[in-house]
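This briefing goes through a single structure by topic.

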Amino acid sequence: NGAMQVAQRATSVTGLGAASGYFTLDRWNISTSSSAGRFTMTQTADGPSGFANCLKLDCTTADTSIAAAEFLLLQQRFEGQDLQQLKKGTSDAESVTVSFYVKANAAFDFVLELQDSDNNRNIHKVFATTTGWVRHEVTFPADVDDGSSPLDDDNASSLQLNFWLHAGATFAGGTLNTAWADKVNANRAVGIDSFYSSTDNEFFITGVQLEIGSQATNFEHRSFGEELA
């Protein structure tokens, strides 16, 4: 659902931020903890050329007193059985490229994280927003590791694509981890701005695509039926 076409639960939900879950667009999870900030999440008829829709977050309650354990992530989870071709944790492991279009009401720095839930490993990259649509292409190198951390071949969540939009010191108090390594919470969201800094804040995203290799290709548009399936 990278083009934000499918929203079976609802197209707009207000007052979000107190609990994690799936609220509007299919497969796009909100993961959050501890913050007093609140927002509205919508499927919005806006996008760069070729995209009819985007996912929009609109801050409705600011939180400028950031406690250590706070976080807000926009997240998609992938089952291990769909990822065996990555050959993760072996000498033949593949790199992964994530591309997406993003904009906001102002310039912000946020963090994109690829998290291996099976082996508690992750890697990160800072990305910036402007007031216009910008396409980002982020290549994460292969996680060759020591051969001991393949992804499980089952239907559980093995890999998570996380967009960090708000974080306290528990997650931002260290040094950003820009290479594959064992997960250290303090190194996951270092240097990011806060989506909750003002009720003026808006965050828009669409055209999200994850693919094998170091080259981003054009977005693979699918019919509504294909995405629904």
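The model is predicted. Thr-32 sits in strand β3, which covers residues 29-33. β3 belongs to an open sheet of 7 strands with antiparallel pairing, in the order β2-β3-β6-β11-β8-β9-β12. The sheet has β2 (21-22) and β12 (181-182) at its edges; each has a single partner strand, so one side of each is left without a neighbour in the sheet.

**Thr-32 and its surroundings**

- Thr-32 has a relative accessible area of 8%, and it counts as buried because that value is under 20%.
- The side chain of Thr-32 reaches two backbone oxygens: that of Gly-17 at 3.4 Å, and that of Phe-71, which lies 3.1 Å from a polar atom of the side chain.
- Both Gly-17 and Phe-71 are also among the residues that Thr-32 touches beyond four places in sequence; the others are Ala-18, Ala-19, Ser-20 and Leu-72.

**Strand pairing in the sheet**

- Strand β8 (residues 109-116) has 7 of its 8 residues buried, so the strand is largely enclosed by the rest of the structure.
- β8 pairs with strand β9 (residues 121-128) in the antiparallel sense, over 8 bridges; here Leu-114 stands opposite Ile-123 in β9.
- β8 is also joined to strand β11 (residues 157-167) by 6 bridges, again in an antiparallel run; here Gln-115 stands opposite Gln-160 in β11.
- The hairpin of β8 and β9 has 4 residues between the strands, and Asn-120 takes a positive phi near 55 degrees in this hairpin.

**Nonpolar cores**

- In soluble globular proteins, nonpolar side chains tend to be buried together.
- The largest nonpolar core holds 40 residues, and the members that touch the most others are Phe-100, Phe-163 and Phe-203.
- Strand β7 (residues 96-104) contributes the largest share of this core, with 5 residues.
- A second, separate core has 10 residues, including Phe-71, Ala-167, Phe-171 and Val-190.
- Which residues does Phe-163 touch, not counting residues up to four places away in sequence? They are Trp-28, Leu-72, Leu-73, Leu-74, Phe-100, Val-111, Leu-112, Phe-127, Ile-205 and Val-208.

**Pocket and cavity**

- Rolling a probe the size of a water molecule over the atoms shows where empty space is left.
- The largest pocket contains about 700 Å³ of space.
- Its lining is made of 25 residues, and Asn-1, Gln-76, Phe-78, Leu-210 and Arg-222 lie nearest the centre.
- At least two lining residues come from each of β6 (71-79), β13 (202-212) and α2 (224-228); β13 gives the most, with 5 residues.
- How many cavities of 30 Å³ or more does a search of the whole structure find? The search finds 1, and the largest cavity holds about 80 Å³ of space.
- The largest cavity is lined by Leu-86, Lys-88, Ala-93, Glu-94, Val-96, Leu-114, Phe-140, Pro-141, Ala-142, Asp-143, Leu-159 and Trp-180.
- Leu-114 is therefore one of the residues lining the cavity, and Leu-114 also stands opposite Ile-123 in β9.

**Loop residues with positive phi**

- Most residues other than glycine have a negative phi, and most peptide bonds are trans.
- Ser-34 is not a glycine but has a positive phi of about 75 degrees.
- Ser-34 lies in the loop between β3 and β4 (38-44), and it counts as exposed because its relative accessibility is 53%.
- Lys-87 is likewise not a glycine, and its phi is positive at about 55 degrees.
- Lys-87 is found in the loop between β6 and β7 and is partly exposed, at 34% relative accessibility.
- Beyond its neighbours within four places in sequence, Lys-87 is in contact with Asp-92, Ala-93 and Glu-94; its side chain makes a polar contact with the side chain of Glu-94 at 2.9 Å.
- Lys-87 and Pro-150 are 63 residues apart in sequence, while their C-alpha atoms are 6.9 Å apart in space.

How values were computed
Residues are numbered from 1 along each chain as its sequence is written. This is a predicted model: local features need pLDDT of at least 70, side-chain atom pairs count only at pLDDT 80 or more; totals for chains, interfaces and linings use all residues. Side-chain values use heavy atoms; hydrogens and water are left out. Buried means under 20% relative accessible area, exposed over 50%, partly exposed in between (1.4 Å probe, protein chains only). A polar contact is a pair of N or O atoms within 3.5 Å; within protein, one must be able to donate a hydrogen and the other to accept it, and residues adjacent in sequence count only if both atoms are side-chain atoms. Contact means heavy atoms within 4.5 Å. Two strands pair if DSSP finds at least two bridges between them. A nonpolar core is a set of buried Ala, Val, Leu, Ile, Met, Phe, Trp, Tyr and Cys residues joined through side-chain atoms within 4.5 Å. On a 1 Å grid over the protein atoms alone, a cavity is a set of points where a 1.4 Å probe fits but cannot get out, and a pocket is an open set with protein on both sides within 12 Å along at least five of seven lines; lining residues have an atom within 4 Å of a point. Grid points are joined across faces, edges and corners, and a volume is the space filled by probe spheres set on the points.
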